[in-house]
Amino acid sequence: MTTHFTRAIARRPGDSYLQGLTTSNEGPPNLAKAILQHNIYVQTLEDLGLSVTVLAANDAFPDSVFVEDTAILTPEITVLTRPGAVSRRDETVSIKAALLDRFDAITEIVAPGTVDGGDICETDSKVLIGLSNRTNLEGAMQLKLALETVGRPAEIVDIRSVPGLLHLKTGISYLGAGRMAVMEALASLSWLADFDRVLVPTSESYAANCIAVNGSVIMAEGYPRFFETLDRLGLKPIPLDVSEYRKMDGGLSCLSLRF
Ligand code: CIR
């Protein structure tokens, strides 16, 4: 089940967080507020039954709070990525150490391949791999082969023409039972046709990055229409304030590796 988890890994934001990559025009994040929001995020995962390992901040890498981009964890395979942004590439060194404590074998994406975990959307039927400005074709092919070798069908989908989409999961999130939260701009794409699409209105696009966890959906606070949609579907939305992560182009999924 791709929405049921027992464990997660997160990393505290460090003092260098303000120097991270961003395209947003929302101003610099407030570090104290980011730490508070992170604590609440971790507590929410724990309340949903997960045992969460919180790694110490790593100031050498301002974006390292966004641990999701460094690995892909499915029940069948553990993959260490090779992040597309050069400033983030060596975030994987300390994540590899953390993964080696928990998993026997690790597959690694190698040069010239690049993959960001934010481009990988695991569903019950297949794993979608987004081709983006961060995940290149070589990396996507390496990952697809690795997944298929362990029996997980994978499909590469191109999101490079969608304006403003950093990662695949910036625009879609798997909700379980064949349902996919989808921002309106992506709704008519053919590779989403197999899914029961739950539309996120354009005015609330940021909310498309949400995480289905153990019978609830953790979503960004401040998006009432999407909240109502999830609520009506009985998907138990839990809104969290992630304003200080939005300022750095991040969201709810990026803040943890769930497995
Ligand atoms: C970056 O540009 O890499 C970070 N500032 C944000 C990464 C967000 N990660 C994600 O959506 N998986």
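Good morning. Histidine 167 places a polar side-chain atom 3.0 Å from an oxygen atom of the ligand; I call such a pair a polar contact, that is, N or O atoms within 3.5 Å. Taken alone, the ligand exposes 350 Å², and the protein buries 98% of that area, by the Shrake-Rupley method with a 1.4 Å probe.

Before I continue, please note that this is a predicted model, in which local features need pLDDT of at least 70 and side-chain atom pairs count only at pLDDT 80 or more, while totals for chains, interfaces and linings use all residues. Residues are numbered from 1 along each chain as its sequence is written, and side-chain values use heavy atoms, with hydrogens and water left out.

Let me stay with the ligand. It is surrounded by 13 residues, of which the closest are Leu21, Asp63, Arg88, Met248 and Cys254; a residue counts here if one of its heavy atoms lies within 4 Å. Aspartate 63 has a polar side-chain atom 2.8 Å from a nitrogen atom of the ligand. For arginine 88, an N or O atom of the side chain is 2.8 Å from an oxygen atom of the ligand.

I turn now to proline 13, in the loop between E1 and helix H1 (31-47). Helices (H or I, at least four residues) and strands (E, at least two) are DSSP runs, numbered from the N terminus. Is proline 13 buried or exposed? Its relative accessibility is 8%, so proline 13 counts as buried; buried means under 20% relative accessible area and exposed over 50%, with a 1.4 Å probe and protein chains only. Alanine 57 is 44 residues away in sequence, yet 5.5 Å away in space, C-alpha to C-alpha. Leaving aside neighbours within four places in sequence, the contacts of proline 13 include Leu31, His38, Ala57 and Tyr245, where contact means heavy atoms within 4.5 Å.

Next, the helices. In H2 (residues 92-100), the residues Thr92, Ile95, Ala98 and Leu99 are buried. Seen down the axis of H2, these fall within an arc of 115°, so they line one face of the helix; the arc is taken from the directions from the axis to the C-beta atoms. Strands E1 (7-11) and E2 (51-55) are among those they pack against.

In H5 (residues 224-232), Phe226, Thr229 and Leu230 are buried. Their arc is within 95°, so they too line one face of their helix. The face turned away from that buried side carries the exposed residues Arg225, Glu228 and Arg232. Just after H5, glycine 234 takes a positive phi of about 75°.

Note on methods: Polar contact = N/O pair within 3.5 Å; in protein donor to acceptor, adjacent residues only side chain to side chain.
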